[in-house]
Amino acid sequence: MEQKGRGVGLVLFPCPLQGHINPMLQLASILYSNGFSIIIIHTQFNSPKSSNYPHFTFIPIPDGISDVLDSISDGFAFLSFFNVNRAVPLRDCLLRLLSDGAKEAERIACIISDSVMHFTQGVADSLKLPRLALRVSSTASFLAFTAFPVLRLKGYRPVSDSELETEVSELPPLRVKDLPAYNMDNIEKECQFVGSMVNHVKPSSGVILNTFHHLEESELAKFGQEVPIPIFTIGPFHKLFPASSSSLLSQDRSCITWLDTQPPNSVIYVSFGSVASMDEAEFVEIAWGLANSECPFLWVVRSGLVHGSDRIEPVWPDGLLELMISGGKGCIVKWAPQQEVLAHPAVGGFWTHNGWNSTLESICEGVPMLCRPCFGDQKVIARYVSHVWRVGLHLEINRLEGGEIVRNIRRLMDEKEGEEMRERVASLKEKAEVCVRKGGSSYESLQDLIARILSF
Ligand code: UDX
């Protein structure tokens, strides 16, 4: 282990959602392997599994979310809750740590917090503690956030149906319908939240990005102009430390045994991450599409995937579940060891919602994608997957319908265009491997990050 960070402590504060906890804990492991001591301050809600990280110190702070969880309607309201309510407990906790640290030999150099927890910048400033912001999504999606004020002036927020296909000249190749969206019912609040997030990254002591240079070269250059602070592009993090140990749900490994029985590149893996949900009609169409596709599939149907009712588990129409898994044709689990699934030789395609972690994991295993983004950054990412890197098909139909699903699965899994995407994504996979190796751009940027932290 490199020891550059020895005697220096770092406080990390994740946002309590699976897609945010994974990269934060991967980053913690990367920094720990360079000698830094790691303290994770976390909410009680979705608290990380500390037993998987015996070498880190975990400190919970009260979050108060359980009292209001039922009234929180979406992810955006969830994030806003933390930003409005958690400054005092975080500040108290940091104050205690800083005064303890002064007594002990180890100094705390900085706090690293998720960019969506924008209140942390004010807390850090009040304690004169440097803050580094972690962006857990693509550079392109952050650029879209920085453009929100202009987009609003241009009338793209809220947007009329007639403008959905319009190209956004500031953000090629995005169209209006690809712009991130969290809460179209309350544009004012959405713009305020995004504005706060962007405006609190700008005064930070630097931003850490989970991406790699080759993937987003021109976006990174633009980002440097928009946000003139030190930028550390050190991804993909999961190439260095896997996501499995930070999984909040237990991963059902029986699907790996099932994959072992399937021919190479034959299986489509279907998962929509930890937050996205759909209505019952869409869920049933996907089920019929998979059942009729004649393509072996592995589908993650997690609790809460189907919304629109009080139920946590979906109700399957009579006989459909049996039809789907009869003869071992399909496998359905509640939560999978995703990275391992994508690395399995049987997996030839990934139907994804294009969360950034899933997208990076797919790229790094050379798996082409069927893109069905749900909200937020996922729309931007899907556009890049299909139109910039050209390693996936964008399912752009308004209402999913079984026949269309079958047709697109075939395009991806059996036809020439799918084969071409597989070749392109294999080349990106190689580039990602080069970036994190000694001398690669992510490796070098990590050395810069370490030097920056040591300079605080
Ligand atoms: C959230 C946002 O929704 C997303 O838009 C943003 O880019 C990141 O934060 P989420 O929707 O959960 O994330 O998706 P994603 O970013 O793909 O992260 C999901 C993580 O859960 C991945 O690391 C994946 O490997 C893991 N996972 C997913 C499992 O371990 N098992 C599963 O069955 C499914």
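Visitor: Which residues does Ser-113 touch, not counting residues up to four places away in sequence?

Guide: A contact list shows what packs around a residue from elsewhere in the chain. In this predicted model, Ser-113 touches Phe-13, Met-24, Thr-120, Arg-131, Leu-132, Ala-133 and Leu-134.

Visitor: Where does Ser-113 lie in the secondary structure?

Guide: Ser-113 lies in strand 4, which runs over residues 107-114.

Visitor: Is Ser-113 buried or exposed?

Guide: Compare its relative accessibility with the cut-off. Buried means under 20%. Ser-113 has 0% relative accessibility, so it counts as buried.

Visitor: What joins the side chains of Ser-113 and Thr-120?

Guide: A polar contact of 2.7 Å joins them. Thr-120 is also one of the residues on the contact list of Ser-113.

Visitor: Let me try Pro-149. Is Pro-149 buried or exposed?

Guide: Apply the other cut-off. Exposed means over 50%. Pro-149 has 54% relative accessibility, so it counts as exposed. Its place is in helix 6, residues 148-153.

Visitor: How many residues apart in sequence are Pro-149 and Gln-192?

Guide: They are 43 residues apart in sequence. In space, the two are 9.8 Å apart, C-alpha to C-alpha. Read both numbers together.

Visitor: Now the whole chain. Into which domains is the protein chain divided?

Guide: Domain 1 covers 8-245 + 436-455, and domain 2 covers 249-432. Their C-alpha centres lie 27 Å apart. The contact takes 35 residues from domain 1 and 26 residues from domain 2.

Visitor: And the ligand? How many residues surround the ligand?

Guide: Start with the shell. Here 21 residues surround the ligand, and the closest are Ser-274, Ala-336, Ser-358, Glu-361 and Asp-377. By type, the shell divides into six nonpolar, 13 polar and two charged residues.

Visitor: Which parts of the chain supply the shell around the ligand?

Guide: Check elements, then domains. Helix 1 (18-32), strand 8 (267-271), helix 13 (356-364) and helix 14 (377-387) each supply at least two residues. Domain 1 and domain 2 each give at least three residues to the shell.

Visitor: Which backbone atom lies 2.7 Å from a nitrogen atom of the ligand?

Guide: A backbone N or O atom of Ala-336 does. Side chains come next. A polar side-chain atom of Trp-335 lies 3.5 Å from a nitrogen atom of the ligand. For Gln-338, a side-chain N or O atom is 3.4 Å from an oxygen atom of the ligand.

Visitor: How much of the accessible area of the ligand does the protein cover?

Guide: On its own, the ligand has 660 Å² of accessible area, and the protein covers 97% of that.

Notes
Residues numbered from 1 in each chain as written. Predicted model: local features only at pLDDT ≥ 70, side-chain atom pairs only at ≥ 80, totals over all residues. Heavy atoms only, no water. Near = heavy atom within 4 Å. Polar contact = N/O pair within 3.5 Å; in protein donor to acceptor, adjacent residues only side chain to side chain. Areas by Shrake-Rupley, 256 points an atom, 1.4 Å probe, with all protein chains shown as cover. Helix = DSSP H or I, 4+ residues; strand = E, 2+ residues; numbered from the N terminus. Nonpolar A, V, L, I, M, F, W, Y, C, P; charged D, E, K, R; others polar. Domains from an automatic or database assignment. Buried < 20%, exposed > 50% of the residue type's maximum accessible area, 1.4 Å probe, protein only. Contact = heavy atoms within 4.5 Å.
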